[in-house]
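Welcome! Here is a short briefing to read alongside the sequence and the structure.

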Amino acid sequence: MDYNTQRDKLQMPEYGRSVQQMVNYCLTIEDREERLRCAKTIVKIMSIVPVQDDEKEEDYQKKLWNHLAAISQYKLDIDYPVEIETQEQVNARPERIPYVKRNIHKRNYGSIVEMFAEHLATMKADKDRDELSLLLANQMKRDLCNWSTDSMSDEKVVDDLAKYTDGRVNIDTLNQPLISDGELLSTRISTSLKKKKKK
């Protein structure tokens, strides 16, 4: 019995063993022109895999020829109609993106809220800053609600925002009421119900 586990490893399993065998045969053809004709036929067979909607035909053909080179382990010596990436280029790892380490004072708010609050502290006191402060305070209250419903309160939000801005931003919740606890909780319940329905 011939099992797949006993066969040679497929270079690109998505194209199947038949394509791999065709490429292996193509490698054995000595005549260069005949080898190129065989490669073109293999690429036509590979193109049976449907093109993605946002993919241009030219890009798709280039991808197929690059896949053909990869299946042959870059041993197929033909005049490729497109530019082929080398094995080194394919295997090259992208440069590591440095992780920005930021000391977050209150993790329940996150770094974006802290940066926003720092920016508010640099703004001059006017109507725009008041509106932004109210938006930020409501976001902070939402964050508290997501973190723990027991800890969310207008007083805590106002106090935390004042600390973030070194006392420059103070919200009067009597004149500028924050989003109500009931509205936050009802939104949270409806969101959790939608998630359950999706499951």
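A residue counts as buried under 20% relative accessible area, as exposed over 50%, and as partly exposed in between. By that rule Tyr 74, with a relative accessible area of 27%, is partly exposed. Please keep in mind that this is a predicted model.

**Helix α3**

- Helix α3 covers residues 57–71.
- The buried residues of α3 are Tyr 60, Leu 64, Trp 65, Asn 66, His 67, Leu 68, Ala 69, Ala 70 and Ile 71.
- The cover over these buried residues includes α1 (16–28) and α2.
- Asn 66, which lies in helix α3, has 12% relative accessibility and therefore counts as buried.
- Leaving aside neighbours within four places in sequence, Asn 66 is in contact with Glu 83, Ile 84 and Glu 85.

**How α2 meets α3**

- Two packed helices are described by the angle between their axes and the distance between the axes.
- Here, the axes of helix α2 (residues 32–46) and helix α3 come within 10 Å and cross at roughly 115°.
- The crossing of α2 past α3 is right-handed.
- On the α2 side, the contact is made by Ala 39, Lys 40, Ile 42, Val 43 and Met 46.
- On the α3 side, Tyr 60, Gln 61, Leu 64, Trp 65, His 67, Leu 68 and Ile 71 take part.
- Sorted by class, this contact of α2 with α3 has nine nonpolar residues, two polar ones and one charged one.

**Aromatic pairs**

- How many aromatic pairs are there? The count comes to two.
- Because Trp 65 lies in helix α3 and Tyr 80 in the loop between α3 and α4 (87–91), the pair ties together parts that are 15 residues apart in sequence.
- Trp 65 is buried, at 6% relative accessibility, whereas Tyr 80 is partly exposed, with a relative accessible area of 21%.
- Tyr 109 and Tyr 164 also form an edge-to-face pair, at 6.0 Å centre to centre and with 70° between the planes.
- Tyr 109 lies in the loop between α4 and α5 (111–122) and Tyr 164 in helix α7 (residues 154–164), so this pair ties together parts that are 55 residues apart in sequence.
- Tyr 109 is buried, at 5% relative accessibility, and Tyr 164 is buried too, with a relative accessible area of 14%.

**Positive phi angles**

- Gln 73, which follows α3, has a positive phi near 60°.
- Tyr 74 has a positive phi of about 65°, although this residue is not a glycine.
- Tyr 74 is found in the loop between α3 and α4.
- Asp 166 is not a glycine, yet has a positive phi of about 55°.
- Where is Asp 166 placed? Asp 166 sits in the loop between α7 and α8 (181–198).
- Asp 166 has 63% relative accessibility, so this residue counts as exposed.

Conventions. Residues numbered from 1 in each chain as written. Predicted model: local features only at pLDDT ≥ 70, side-chain atom pairs only at ≥ 80, totals over all residues. Heavy atoms only, no water. Axes fitted to C-alpha atoms, helices over the stretch in contact; angles between N-to-C directions. Helix = DSSP H or I, 4+ residues; strand = E, 2+ residues; numbered from the N terminus. Left-handed = near helix turned anticlockwise from the far one by under 90°. Contact = heavy atoms within 4.5 Å. Nonpolar A, V, L, I, M, F, W, Y, C, P; charged D, E, K, R; others polar. Phe/Tyr/Trp six-rings, centres within 6.5 Å; stacked < 30°, edge-to-face > 60°. Buried < 20%, exposed > 50% of the residue type's maximum accessible area, 1.4 Å probe, protein only.
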